[in-house]
Amino acid sequence: MVTGGAGFLGSHLCERLLTEGHEVLCVDNFFTGSKRNVAHLVKNPNFELLRHDVTFPLYVEVDEIYNLACPASPIHYQFDPVQTTKTSVHGAINMLGLAKRVKAKILQASTSEVYGDPAVHPQQEEYWGNVNPIGPRACYDEGKRCAETLFFDYRRQHNLCIKVARIFNTYGPRMHPNDGRVVSNFIVQALRGDPITISGDGGQTRSFCFVDDLIDGLIRLMGTPDAFCGPVNLGNPVETTIGELAEKIIKITGGESKLLSVPMPVDDPKRRKPDITQARKALNWVPKVNLDEGLAATVEYFRRTQVAMTKGGA
């Protein structure tokens with residue numbers, strides 16, 4: 001079962017699991033996910049789609065649970081911050097309860113945001129983070145941190161087989177065009193010919209992992225021995241400034257957009273880079289797709305779907 005299975009990451013995960021011969025139950029309430037993302041899977045006899053909100057209990061029979069349900073972009077998770085926290089916390093409780101009942105392995109899609117605006121660089125799994133618990137991003141950051149707590153308490157209290165992945169910035173086809181994430185924002189703006197809006201001076205850094213690499217990491221993590229729980233960082237350790245990203249996208253799209261500086265969002269991390277030593281050792285995993293290749297594929301996806309092809313278009 002994949003919760004959030006009609007979302008950006010979830011749809012790619014469902015697709016990969018079907019390719020590997022699994023039966024897949026895709027669960028989504030379609031707040032940020034889309035039926036279009038999984039429409040090509042519906043005719044597969046091994047695929048089932050269920051509209052459901054994980055903040056409510058679910059009674060099904062499954063062997064493995066990938067818990068990806070939660071808005072992941074600031075625009076979406078700040079739209080209804082209370083519901084965002086409920087999705088992370090109540091959703092974790094409900095999915096853990098299901099896993100306990102049916103004795104299933106369960107993987108939590110956590111996030112690099114548990115590190116907050118880090119005082120340690122690069123970020124290792126042992127780092128406890130620097131998070132503002134009452135800021136506008138806290139509904140997501142602290143919700144995911146609480147979900148990790150619940151997973152490890154279920155492990156200690158009920159001997160549940162858990163896996164926790166801390167996902168760093170991921171991009172690729174099927175990103176929501178209006179989710180406010182930097183890659184999709186810049187691509188849409190470049191294709192429209194609009195100015196590319198960069199927070200601050202563009203010197204802040206991110207590490208961008210192509211979606212195919214990330215999905216491979218999740219599946220490898222689920223396949224590790226029961227004794228290995230994580231948390232484990234999954235992301236591309238190549239650090240890129242936001243300004244450099246904008247220039248790459250302008251070049252790939254062939255556009256002539258100018259850069260426009262806007263104020264930095266509250267509590268926005270200044271640097272982000274995963275230490276993936278543990279993923280290398282435990283999962284034999286490293287990202288394979290470089291940023292130029294991944295951005296080219298993502299731009300092509302946005303071109304094909306004709307998203308924002310003309311200035312002022314939809």
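N284 lies in the loop between α9 (277-283) and α10, where helices (H or I, at least four residues) and strands (E, at least two) are DSSP runs numbered from the N terminus. N284 has a positive phi of about 55° although it is not a glycine. The model is predicted, so local features need pLDDT of at least 70 and side-chain atom pairs count only at pLDDT 80 or more, while totals for chains, interfaces and linings use all residues. Residues are numbered from 1 along each chain as its sequence is written, and side-chain values use heavy atoms, with hydrogens and water left out.

**Backbone features**

- Most residues other than glycine have a negative phi, and most peptide bonds are trans.
- With 61% relative accessibility, N284 counts as exposed; exposed means over 50% relative accessible area, buried under 20% and partly exposed in between (1.4 Å probe, protein chains only).
- K103, also not a glycine, has a positive phi of about 60°.
- The loop between α4 (81-102) and β5 holds K103, which counts as exposed at 73% relative accessibility.
- H121 and P122 are joined by a cis peptide bond with an omega of about -10°, and P122 is placed in the loop between β5 (105-111) and α5 (138-158).
- Another cis peptide bond, with an omega of about 0°, joins G230 and P231; P231 is found in the loop between α7 (211-222) and β11 (232-234).

- Nine of the 11 residues of α6 are buried, and the helix is mostly covered.
- Those buried residues are V182, V183, S184, F186, I187, V188, Q189, A190 and L191.
- They pack against β7, β8 (196-199), α8 and α10 (291-304), contact meaning heavy atoms within 4.5 Å.
- G193 follows α6 and has a positive phi, near 85°.

**α6 against α8**

- The axes of α6 (residues 182-192) and α8 (residues 242-253) come within 9 Å and cross at roughly 40°. Axes are lines fitted to C-alpha atoms, for helices over the stretch in contact, and angles run from 0 to 180 degrees between N-to-C directions.
- That angle makes α6 oblique to α8; angles under 35 degrees count as roughly parallel, over 145 as roughly antiparallel, 65 to 115 as roughly perpendicular and the rest as oblique.
- The crossing of these two helices, α6 and α8, is right-handed. A crossing is right-handed if the near helix is turned clockwise from the far one by less than a right angle, and left-handed if anticlockwise.
- On the α6 side, V182, V183, F186, I187, A190 and L191 meet I242, L245, A246, I249 and T253 of α8.

**α6 against α10**

- The axes of α6 and α10 are 10 Å apart, and the helices pack at an angle of about 55°.
- That angle makes α6 oblique to α10.
- α6 passes α10 in a right-handed crossing.
- V183, S184, I187, V188 and L191 of α6 make the contact with L295, T298, V299, F302 and R303 of α10.

**Aromatic rings**

- Five aromatic pairs are found in a search of the whole structure. Rings of Phe, Tyr and Trp (its six-membered ring) pair if their centres lie within 6.5 Å; planes under 30 degrees apart count as stacked, over 60 as edge-to-face and the rest as tilted.
- The ring centres of Y171 and F208 are 6.5 Å apart and their planes stand at 80°, so the pair is edge-to-face.
- Y171 lies in strand β7 (residues 170-171) and F208 in the loop between β9 (205-207) and β10 (209-210), so this pair ties together parts that are 37 residues apart in sequence.
- Y171 and F208 are both buried.
- The rings of Y171 and F210 have centres 5.6 Å apart and planes at 65°, so this pair is edge-to-face.
- F210 lies in strand β10 and Y171 in strand β7, so the pair ties together parts 39 residues apart in sequence.
- F210 is buried, as is Y171.
- Ring pairs also link Y115, Y127 and F168 into a cluster.
- The charged end of K35 sits over the ring of F30, 5.6 Å from its centre; this term requires NZ of Lys or CZ of Arg within 6 Å of the ring centre and within 35 degrees of the ring normal.

**Residue S112**

- S112 is placed in the loop between β5 and α5 and counts as buried at 2% relative accessibility.
- The C-alpha atoms of S112 and A165 are separated by 9.2 Å, although these residues are 53 residues apart along the chain.
- Not counting residues up to four places away in sequence, S112 touches R166, I167, F168 and R272.
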